[in-house]
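Reader: I would like to learn how to read a few features of a model from its coordinates. Please take them one at a time.

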Amino acid sequence: MRLYEAMVPLPSSTNEQEGMYLLAQCALLKLGAEVLDEVGHTSLSTIIPYIPGVVLELRTQIDEWYRHLPRPLRIELDGNSLGDTRKAYLRCTYYMLTAIVCWPFVIPLSIGSPHDAQTTCARPSLARISHPSQDSVSQLHHQPDKFVHSHDTPESSSAQPTRDIDIHELTTYRAAAESCLSACRSCLMYAEEILTQKFISTHVIVREYFCAAMLLLLNFNGADTHNSDIGAEDRQRLEHAMRTMRSWKVVPFLNQSFIAFERIAMAKGLKDTRYDDGVRT
Amino acid sequence: MGANGKVHQGLTSSQTSPFSSTSLVIGNEPIAYFPSPSASSAFATTRKHRYACRLPSLTRFQHPSPERSDWSWNCTDSFFDAQMETTADMRRHINLHSTEPDLSEPHLTHLQQSFADNVLKLYPLLDSDTASQHVQRARVTGYRHSSSSLCLVFLMFANGEIAADKSLYSPSASELPGFAYYAKAVAIMERLPSTSKDLTALQCRVLMTTYLSLATRILEAWKNITQASQGCIILLKAKIDGQASNEFNEAFRRIYWYALLHSTHYLNSVLASLPIKRTSIFTL
């Protein structure tokens with residue numbers, strides 16, 4: 001079907017908001033297809049040679065999509081409930097795409113061995129990243145001017161003071177990984193208002209919610225919760241996510257994955273939420 | 001991916017050729033060959049997979065660290081098993097003609113309103129005036145004249161009923177809200193030609209998909225949206241748009257874009273863990 005896109009103009013609509021929502025969805029669909037096609041997920045080693053360029057371009061496109069949303073569909077990036085399923089769906093998917101783009105950076109730093117992390121961080125190509133991918137997602141939209149200037153990547157990176165290239169690259173990797181985790185946290189928070197109801201695309205949000213929770217869980221270190229606020233907050237988020245997902249266990253094919261999630265969560269020292277209501281699920 | 005979900009990909013022909021083939025291997029057995037679209041991707045597939053890892057999905061996850069293989073899971077088979085079972089259950093109930101839909105006017109008005117609020121507002125496949133005209137025609141004929149228009153009306157009611165229901169999932173078709181309307185629509189649909197220029201029949205396919213989506217019958221939803229997509233492609237190949245009216249073209253565009261949106265969603269669900277090259281779109 002995607003091969004025929006150019007042959008079929010976008011539909012028009014007499015209802016302004018309805019038409020805008022369709023266009024926003026179509027644009028997000030095309031963007032999502034591109035993100036998943038380009039980033040790829042089967043192997044990080046496939047991605048490493050060109051990931052900086054890919055991240056740079058895709059993050060730009062995702063944020064351009066956000067910035068060009070028409071006023072009736074404008075999404076607030078604060079913690080408030082939008083009270084509009086359409087906007088909530090767009091916001092959640094926006095964060096999930098952001099997370100996926102930066103996801104490969106999470107693996108070597110958070111999941112792989114220390115040796116692996118050092119190996120990947122020694123790649124000189126990463127030194128040239130100077131883009132929103134280094135920033136947390138929330139920072140991006142509070143500093144819109146910063147993004148415009150970031151397009152002149154080679155110049156800005158060459159203008160930076162000389163420093164140990166390995167440290168610079170490690171920082172970049174960590175910043176990109178943090179960008180992914182930050183987007184996962186937002187996705188978890190904003191999906192809540194959709195998951196409590198049933199609508200046509202809820203199953204998409206269930207998948208996004210699970211994926212975001214899993215990425216955050218894999219990066220979660222129980223020991224950090226005593227040392228940092230973020231660690232403690234992540235513990236709360238993940239325990240809350242387990243409770244939210246439990247209501248979806250009624251769907252048979254979701255049950256096994258949620259049990260697997262709980263098994264990893266227990267191993268990482270998270271509270272066993274299965275007994276919160278006194279009944280084993 | 002083999003017994004433990006392990007997939008190895010390798011090249012079978014020249015590694016430097018931009019059009020070399022990629023062999024997909026499960027365990028030690030090659031199962032398929034795919035042309036690599038570019039030299040760079042051919043190169044990439046030969047690299048050592050030190051971090052072989054997919055984005056975690058609901059059906060499968062393989063932890064990149066061998067020490068943590070106990071954290072991996074693969075429930076693809078149970079996903080397909082469960083989905084095939086629900087499909088068979090729905091078919092059984094459709095064949096039984098066990099329940100007659102409630103055709104009382106106040107109830108149908110309520111369902112039509114629920115359809116407009118919960119489905120059309122999110123996916124305006126057709127405008128509300130056109131929807132009302134279909135319902136009016138069906139009412140005049142006493143919901144008996146078998147046609148794509150009546151099929152569409154039954155699907156509107158089915159969608160309206162399931163969207164208004166608060167339960168997240170119903171394991172049996174007999175308990176599915178709106179299933180009596182859906183069964184009627186399926187019976188009509190089976191008597192319609194499989195390919196035609198009738199856009200209402202294509203709209204029915206999309207509405208069947210939305211109903212099945214709300215019922216979490218993913219495999220069956222995928223089947224219907226695939227048929228809607230095929231219908232769209234056939235009409236595009238037939239180049240009917242040049243001779244058609246503006247209304248026809250606008251209706252077709254809506255069907256095409258909604259079919260595209262839905263098919264992407266269902267491919268994500270259904271093919272979530274098939275180990276095919278360049279299927280990263282399916283891995284979420």
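**Burial, helices and backbone angles**

Author: In chain B, 45% of the 284 residues are buried, where buried means that 20 or more other C-beta atoms lie within 10 Å of a residue's own, exposed means 12 or fewer, and partly exposed is in between, with C-beta atoms placed from the backbone. This is a predicted model, in which local features need pLDDT of at least 70 and side-chain atom pairs count only at pLDDT 80 or more, while totals for chains, interfaces and linings use all residues. Residues are numbered from 1 along each chain as its sequence is written, and chains are lettered from A and ligands numbered from 1 in the order in which they are written.

Reader: How many helices and strands does chain B have?

Author: Chain B has 9 helices and 5 strands; helices (H or I, at least four residues) and strands (E, at least two) are DSSP runs, numbered from the N terminus. Their order is β-β-β-α-β-β-α-α-α-α-α-α-α-α.

Reader: How should I read the packing of two helices?

Author: Two packed helices are described by the angle between their axes and the distance between the axes. Helix α4 (residues 128-140) and helix α5 (residues 148-164) of chain B have axes that come within 9 Å and cross at roughly 110°. The axes are lines fitted to C-alpha atoms over the stretch in contact, with angles from 0 to 180 degrees between N-to-C directions. Therefore α4(B) is roughly perpendicular to α5(B) (under 35 degrees is roughly parallel, over 145 roughly antiparallel, 65 to 115 roughly perpendicular, the rest oblique).

Reader: Which residues of α4(B) and α5(B) make the contact?

Author: A contact requires C-beta atoms, placed from the backbone, within 7 Å. The residues include B:H134 and B:R137 of α4(B), and B:L152 and B:M156 of α5(B).

Reader: Is B:T216 buried or exposed?

Author: B:T216 is buried, because 25 other C-beta atoms lie within 10 Å. B:Y143 has 18 such atoms within 10 Å, so B:Y143 is partly exposed.

Notes
Contact = placed C-beta atoms within 7 Å.
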